[in-house]
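Hi,

Here is the structure I promised to pass on.

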Amino acid sequence: MSRTWKWKWIGLINKNITLNNLSISSAKSIDWRNLQKSEIEDSFDVIFALECVYREDLYQPLISAILKYIHSRSVVFLGMTKQFTKPSFFELLVSSGLCYRMIPFEYLCKSNDNLADNIGLFVLYTY
């Protein structure tokens with residue numbers, strides 16, 4: 001995602017937080033592939049990660065970032081295209097101390113097209 005595009009979305013999310021008087025402090029974007037350069041030291045209650053596991057070499061950096069930024073009550077929503085995500089990703093999640101559950105597709109979309117065969121939304125959490 002281009003830097004301009006990314007900041008546009010973060011700005012819109014923060015505007016929504018303000019307009020709705022939410023108790024959430026803010027939305028932030030992290031370059032999870034390069035954590036050494038990250039200035040963010042906070043943990044997060046909710047993390048959204050979409051289309052981040054389309055290559056095997058991205059599995060460990062993503063899991064490392066998730067582990068760095070979660071606390072015991074954090075929830076991570078991970079959306080992915082099923083065809084690009086190998087079983088080794090889920091094995092790595094579990095061996096890293098994370099649990100996962102797939103959100104049933106019927107909760108996400110009422111359409112009868114074949115999106116359910118192509119995408120998945122998972123909830124990750126610690127045990």
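First, the ground rules. This is a predicted model, with local features needing pLDDT of at least 70 and side-chain atom pairs counting only at pLDDT 80 or more, while totals for chains, interfaces and linings use all residues. Residues are numbered from 1 along each chain as its sequence is written, and side-chain values use heavy atoms, with hydrogens and water left out.

On layout: the protein has 3 helices and 4 strands. Both are DSSP runs numbered from the N terminus: helices are H or I with at least four residues, strands are E with at least two. Read from the N terminus, the order is α-β-α-β-α-β-β.

Among contacts (heavy atoms within 4.5 Å) with a separation of 6 or more, 68% are between residues 24 or more positions apart. The protein exposes about 8900 Å², and carbon and sulfur atoms supply 55% of that. The areas come from the Shrake-Rupley method with a 1.4 Å probe; for residues, only the protein chains shown count as cover.

Now the backbone. Asn21 is not a glycine, yet its phi is positive, about 55°. Asn21 sits in the loop between helix H1 (3-19) and strand E1 (44-50), and is exposed at 73% relative accessible area.

Glu51, also not a glycine, has a positive phi of about 55° too. Glu51 is in the loop between E1 and helix H2 (59-69), and is partly exposed, with 38% relative accessibility.

Cheers

Terms used
Buried < 20%, exposed > 50% of the residue type's maximum accessible area, 1.4 Å probe, protein only.
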